[in-house]
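Please look through the structure shown below before reading on, and keep it in view while you follow the explanation.

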Amino acid sequence: MPTKPTNLRMGLGPAPPPTGNPHAHFEALAARPDCLRSYSLRSQAQINSVTKQPPNIFWTYDPANDTHPLKQDACKLWKPPRSQFTSWPALVTHPHTAIKSLGNLGDETVYLPLRLPVHSSGSSLTLTWDFWWGSEFQTNKGTVNAWKSIYVETNPTNPTGEGSKTYQCFHQLLNTALVIPANGDCCAHHSDLGELGNKAPGVTDNDPFFPTGLGAAPLRTFVMQANRWTRYLFHIEKAVPGSAFTSWRAFTGADLTGGTYDRVSFWAWDPQRDPVRVLFEVPVVRDYPFLNTQRFSFDCSTNNSTGGGLIGPIVAYARNVVALNNAAVVEGDPVLFARPIAG
Amino acid sequence: MTVARNQPFHVQADHDGVDTETYELKIDGAVVATEPVANLQTGVITFDNVMVTQVGNHTAAVNAVGPAGSAESDPLPFDVVPGKPGKPTNVRLTVV
């Protein structure tokens, strides 16, 4: 039986964001027996260990010397416009020739992605992480209109090798609202919801229609707010028989045919808003057997060779990645779905 | 505390979340909002965008509800006073 709530209090307007240990969610999940891998990303050594050509100069952890006015205790992404690469000391003196020789013309991609091994071997993989989009993504975007940011990569033969084939890909679109750096339409780009162009019945490139109906993608959009922590939870149940997609059948009125699929759900939320189902139990074709890596990448197709590109640096922070093995994911779980805390 | 009629306010209470599924916000004994235990953040449950339309003396209470029963906080009294009138609109002149 519950105990009596105490310290009842009221205030005008909305409640202030929660305060407390910003890493409590990470610490609780990382200590669980079903934790497969955990990366706080609050150590430069750890950041470099998941960088192919270290040291990483785009992603750094140095809060003592961070001059950003809204600095966070997290791994910082700082990327100047490509046009400033040749005057960026950390780049021109980088020990790897391929990085050092990046010139002032080309696309605005972040060239040293973080590849976090997860090496999922169970029947499901659950990934959660926090990401803070700086308002610079909007104010300095120039002609850059989208970022492919979060990938889960697969490997055809090696259960512990680096992933290469992208299984999931989330575009963060940049819209025209000044206060919103990313449209957050995480399901906007679904050409990769299923590898090699193979898709489950009913899933289209841009609109996997469960749970809100074909053409309803905007209804399940989570619009991320600038300068605020967003928490993500990505749940992949592997090789589920089509007949077990009961929620899919309830929605479509027909069994899912054609063998087994991964059953994919994805939520996003922040300190002020409840989790939003961006994807819910969507069937996905996975052609390669091993889910190996989560990648923070930030690729874009915009470059300054034709007069485009960023007009100033972009800033973001990432922290507290946890991969869980065979975890029970129940909406409303107070630990798993705790709101992020600023800090 | 005093709030104006139809002025949004929030109510918070401390709780451990143990054996609890939902929280109810009661105004004058009637449930006006519920929150799942998932929204308990660092031991604080919050009800946002609460509004009361009746001017006068009221009480708020938070009830923790679980499968084996419920437990209600001590009531918190508050007053609702008339708000500032809305701005007249659509001013028009008619020649008579």
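This is a predicted model: local features need pLDDT of at least 70, side-chain atom pairs count only at pLDDT 80 or more; totals for chains, interfaces and linings use all residues.

Residues are numbered from 1 along each chain as its sequence is written, chains are lettered from A and ligands numbered from 1 in the order in which they are written, and side-chain values use heavy atoms, with hydrogens and water left out.

Chain A holds 6 helices and 13 strands, where helices (H or I, at least four residues) and strands (E, at least two) are DSSP runs numbered from the N terminus. Of the 343 residues in chain A, 56% are buried; buried means under 20% relative accessible area, exposed means over 50%, and partly exposed lies in between, with a 1.4 Å probe and protein chains only. If one takes the contacts in chain A with a separation of 6 or more, 74% of them are between residues 24 or more positions apart, a contact being heavy atoms within 4.5 Å.

A:Phe26 lies in helix H1, which covers residues 24–30 of chain A, and A:Phe26 is buried, with a relative accessible area of 9%. Leaving aside neighbours within four places in sequence, A:Phe26 is in contact with A:Ser38, A:Tyr39, A:Ser40, A:Arg42, A:Asn320, A:Val321 and A:Val322. A:Pro16, by comparison, is 10 residues from A:Phe26 in sequence and 22 Å from it in space, C-alpha to C-alpha.

The second residue, A:Lys76, belongs to strand S4 (residues 75–79) of chain A. Is A:Lys76 buried or exposed? A:Lys76 counts as buried because its relative accessible area is 13%. Its side chain is joined to that of A:Asp66 by a polar contact of 2.8 Å, a term for a pair of N or O atoms within 3.5 Å; within protein, one must be able to donate a hydrogen and the other to accept it, and residues adjacent in sequence count only if both atoms are side-chain atoms. Not counting residues up to four places away in sequence, A:Lys76 touches several others, among them A:Phe58, A:Trp59, A:His68 and A:Tyr317.

Between the chains, the contact takes 26 residues from chain A and 38 residues from chain B. The buried area there is about 2,700 Å², of which carbon and sulfur atoms give 59%; buried area is the accessible area (1.4 Å probe) that two parts lose on being put together, summed over both. In chain A, the residues that lose the most area to chain B are A:Pro5, A:Leu8 and A:Met10, together 29% of what that side buries.

Both chains also contribute to an open sheet of 3 strands, in the order S1(A)-S2(B)-S5(B) with antiparallel pairing; two strands pair if DSSP finds at least two bridges between them. The edge strands, each pairing on one side only, are S1 (6–12) of chain A and S5 (44–50) of chain B. Strand S2 (residues 9–14) of chain B is joined to S5(B) by 5 bridges, with B:Val11 opposite B:Phe47 and B:Phe9 opposite B:Val50. Because 5 of the 7 residues of S5(B) are buried, that strand is largely enclosed by the rest of the structure.
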